[in-house]
Amino acid sequence: MLTDSHAHLDAIEFDGDREQLFLEMQQAGISGALIPGVSPADWAKQQQIAAAFQCPYALGIHPWYCPTDIPAAVALLERQLQQHLADPLLVAVGECGLDKPRAKFAEDDVRRVAWEQQMVLLDAQLALAVKYQLPVVLHAVHCHAAMQALLQKYPSCHGVIHGFSGSYEVAMQYWQMGFRLGIGGLLLEASAKKLRSAVKRLPLPALLVETDAPAMAPAALRPARNTPLTILAVVAEIAKLQGKTAVLVSEQLQNNFVQLFER
């Protein structure tokens with residue numbers, strides 16, 4: 001049974017048929033998904049769904065949802081981690097990270113999140129991951145140099161670079177720092193030459209498979225939503241690129257997931 005290492009199954013897009021989707025996943029050999037956190041406002045629903053379907057989850061604050069009062073939000077996150085640390089389903093801190101394009105919007109654009117705020121918020125969450133000995137789920141968009149520089153402050157920190165789309169060289173730098181690479185539906189796009197080249201060369205133990213559902217739907221699915229069922233095609237493509245059987249790749253990817261997130 002495979003596990004989708006990153007799917008927002010608490011999203012409203014799944015409110016109408018979540019139970020049916022989980023049934024389809026089970027029938028397809030997908031046991032569940034890690035449900036990442038994005039903001040304090042969503043944690044309660046996220047935890048409720050994780051408990052109902054016995055899915056692992058992470059708690060964190062996504063850079064898109066950077067709060068005005070960062071210290072207060074981080075203190076709330078720490079209280080939540082302390083409260084649920086005994087819950088075996090709580091397996092990581094995140095989704096947190098850096099998103100350079102969000103810092104480049106105009107000052108009056110509501111989507112803009114200042115780079116300095118993003119850095120402060122991420123630094124605080126990395127510190128919590130180290131403090132509570134949890135892996136971290138990282139969002140990293142156009143920021144690999146800055147991300148790696150910050151991670152060097154926390155040498156014991158480990159986790160996954162979610163939605164990785166970079167080069168082989170950047171991927172190996174993360175792998176050597178203790179981070180796996182989350183590979184999703186972008187791999188199915190012929191235009192994603194850099195990512196496809198990287199996956200072809202990367203050691204299989206460095207990879208996780210994910211969808212980021214309901215977002216990041218491969219072109220073949222659009223305009224329909226993305227779901228964890230997409231990981232079957234992603235696994236098949238990894239196997240094709242690496243010249244291995246899908247069974248071997250599936251087993252290794254699931255082992256990678258368990259090694260990183262099993263408590």
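The model is predicted, so to speak of local features a pLDDT of at least 70 is needed, side-chain atom pairs count only at pLDDT 80 or more, and totals for chains, interfaces and linings use all residues. Residues are numbered from 1 along each chain as its sequence is written, and side-chain values use heavy atoms, with hydrogens and water left out.

**Overall build**

The protein holds 10 helices and 8 strands; these are DSSP runs numbered from the N terminus, with helices (H or I) of at least four residues and strands (E) of at least two. Its radius of gyration is 17 Å, close to the 18 Å that the globule rule gives for 263 residues, so the protein is as compact as a globular protein of that length. Here the radius is taken over C-alpha atoms, and the rule is 2.2 Å times the number of residues to the power 0.38. Along the principal axes, the C-alpha trace spans about 50 × 40 × 35 Å. Of the 263 residues, 55% are buried (under 20% relative accessible area; exposed is over 50%, partly exposed in between, with a 1.4 Å probe and protein chains only).

Most residues other than glycine have a negative phi, and most peptide bonds are trans.

| Cis peptide bond | Omega |
|---|---|
| Gly-94 to Glu-95 | about 15 degrees |
| Ala-213 to Pro-214 | near 5 degrees |

Glu-95 sits in strand E4 (residues 90-99), whereas Pro-214 lies in the loop between strand E8 (207-209) and helix H9 (231-242). That loop between E8 and H9 also holds Met-216, a non-glycine residue with a positive phi of about 55 degrees.

Gln-54 is not a glycine either, and has a positive phi of about 55 degrees. Gln-54 is in the loop between helix H2 (40-53) and strand E3 (57-59), and is exposed, with a relative accessible area of 56%.
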